Amino acid sequence: MIRAADMATVLAGAALLGAMMASAPDYNSVFQPFPAHAAPGEAADGRLFDARFLGGRLARQVAFERYGTPIIRDSAALFLIADFEVSHVTASTRIAATWRGASGRDYAATGRVEGAPGGLEARWFQPGLTDRAFAVFELPADEVPGGRLVLTAPGVTILDSALHLPAPPLPGPQPLARIAP
Amino acid sequence: MRRIGWLALTALFFALTAGIGAKTAILDLRGEREWDLTDTGPAGGALEGVALRVELTRAATAPQRPDRALLLVRLALDGPPAARAAWVDCRVTLRHGQDRLWRPLETANTDAAIRTIAPDGQNMGRCNPQPFDAPADAGPILSDQVFLVPVEALDGLRLHVSAQGTRPRALALPIAAQLVAIP
Amino acid sequence: MTPAKQRSLPRRVLPRVVAALGLVAAVLLSWWMRIEDARTADTPPRIAFGQPVDLGRVMLTPLSLAVAPEGDGPPQLVLRARLENLTGRTEGAVFGFPPRPPLVDAGQADFPQPEIFLDRDGEYLRHVQPRIPEEVTITWDIPAGWQPQEISLTFFR
């Protein structure tokens with residue numbers, strides 16, 4: 001009789017331990033920011049800023065001027081220029097943009113258009129001012145529908161918020177998109 | 001009774017472990033946040049042996065963007081070198097209410113913006129109370145910082161000044177600036 | 001429970017010894033398994049041009065290797081390769097961080113750190129996006145006095 005009770009205790013302990021191990025967040029997700037989701041076209045509400053996805057352009061090539069030098073970048077895939085609006089900033093900040101593709105892969109804003117006028121890497125967003133900005137991604141065409149624009153503060157985002165903005169319907173790719181101020 | 005003793009010992013060691021682990025985090029937090037504010041008048045005040053004086057405030061708008069203003073704040077820090085040594089990582093921020101915080105602009109155009117707004121056309125550089133090229137006892141150390149703020153927020157702005165060695169203590173003072181238009 | 005029922009000394013000690021030995025064995029085994037996991041092969045596998053090399057974060061396929069005397073600059077050793085991102089995110093450190101770029105083994109000469117260019121742009125490689133393989137050029141400045149000879153490249157992961 002005592003044997004059965006001991007067995008039950010051990011089994012219950014093992015089940016409890018298994019449940020705890022199964023439900024504990026993994027090492028990777030512990031370091032992720034809290035996601036804030038929005039409906040298409042709506043603003044998502046973050047800790048440092050709010051943002052709204054305005055629209056986007058797809059292109060096979062992008063053209064821009066860097067310090068007066070015209071530059072054209074081509075791609076084996078597509079360029080996506082995503083326009084968004086930032087408002088309700090609580091502290092002066094920069095913003096890092098990532099495209100969470102339809103397959104779940106993360107595409108960071110491309111560094112190949114660095115130096116383009118109005119580029120995100122040089123932009124600061126200030127409290128009380130509503131500003132528009134854009135981010136340029138390089139990604140396969142099938143990652144765009146069903147993908148999301150993810151905006152965070154740059155650097156470490158633990159305990160911060162990440163704004164997930166779903167893609168609105170975008171027009172088909174054009175041969176060349178120009179990035180102008 | 002013996003069991004209580006063991007439990008107390010366990011609790012003590014647990015608290016010690018947590019405390020030692022938390023010490024760095026608490027020190028980091030104290031060096032990062034400003035929660036002990038010393039309110040002073042708009043002219044300036046003193047903190048940790050260093051005197052702060054607001055030399056100049058000037059706000060400028062451009063006709064293309066009349067909703068926003070560039071606010072230039074020139075500060076003078078003065079004190080013995082030993083006191084100034086605690087002022088590394090000097091931080092100057094603007095606040096409006098509880099939930100708006102502006103940091104100084106640090107972009108490629110900031111130097112040109114400061115030189116345009118400053119009446120003497122000079123940029124005194126960032127707030128750093130230990131410039132390496134300054135002589136040992138040459139009076140106050142000037143610095144220029146420029147903020148991009150909405151024009152409607154120009155009334156009711158407060159300036160917070162702190163440094164690594166003073167935080168969580170910080171100087172807080174109201175800032176008023178007359179608005180000029182730059183072509 | 002009564003003292004009369006007390007067992008003999010070996011019968012009391014033996015189970016404890018067995019248990020302790022089992023514990024020590026488990027500790028040693030798990031420790032050795034971790035060492036085995038961290039161990040790299042003594043002699044890396046040999047690969048030829050056109051064969052992909054798994055560098056962990058990226059798959060690198062060497063395409064060609066040449067000494068490039070053209071231009072006015074100093075002579076350079078030029079490796080052309082294809083890089084494919086194997087991770088689920090944009091990879092900015094294709095040779096790891098801190099970077100361990102391919103090592104040139106050619107006689108006594110010490111080759112400096114290479115530079116990596118994206119062929120598409122002719123500029124420094126910034127990152128490799130998932131599912132978009134890119135061709136890159138990896139160049140080493142050739143040290144003075146080095147004569148063309150048989151060389152081998154070692155890749156790290």
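Q: Which residue takes a positive phi in the hairpin of β5(C) and β6(C)?
A: In this predicted model, the residue is C:G122, with a phi near 75°, and the hairpin it belongs to has 4 residues between its two strands, β5(C) and β6(C).

Q: And in what sense do β5(C) and β6(C) pair, and over how many bridges?
A: They pair in the antiparallel sense, with 2 bridges linking β5(C) to β6(C), the latter covering residues 123–124 of chain C.

Q: Which residue of β6(C) is the bridge partner of C:F117?
A: That partner is C:Y124, while in β7(C) C:F117 has C:T137 as its bridge partner.

Q: Zooming out, what does the secondary structure of chain C come to?
A: Chain C has 1 helix and 8 strands, and read from the N terminus the order is α-β-β-β-β-β-β-β-β.

Q: Why is chain C described as more spread out than a compact globule?
A: Because its radius of gyration is 27 Å, which is well over the 15 Å that the globule rule gives for 157 residues; along the principal axes, the C-alpha trace of chain C spans about 100 × 40 × 25 Å.

Q: Changing topic, what share of chain C counts as buried?
A: Of its 157 residues, 15% count as buried.

Q: What about contacts in chain C between residues at least 6 apart in sequence: what percentage join residues at least 24 apart?
A: For chain C, that figure is 63% of those contacts.

Conventions:
Residues are numbered from 1 along each chain as its sequence is written. Chains are lettered from A and ligands numbered from 1 in the order in which they are written. This is a predicted model: local features need pLDDT of at least 70, side-chain atom pairs count only at pLDDT 80 or more; totals for chains, interfaces and linings use all residues. The radius of gyration is taken over C-alpha atoms; the globule rule is 2.2 Å times the number of residues to the power 0.38. A residue is buried if 20 or more other C-beta atoms lie within 10 Å of its own, exposed if 12 or fewer, and partly exposed in between; C-beta atoms are placed from the backbone. Two residues are in contact if their C-beta atoms, placed from the backbone, lie within 7 Å. Two strands pair if DSSP finds at least two bridges between them.
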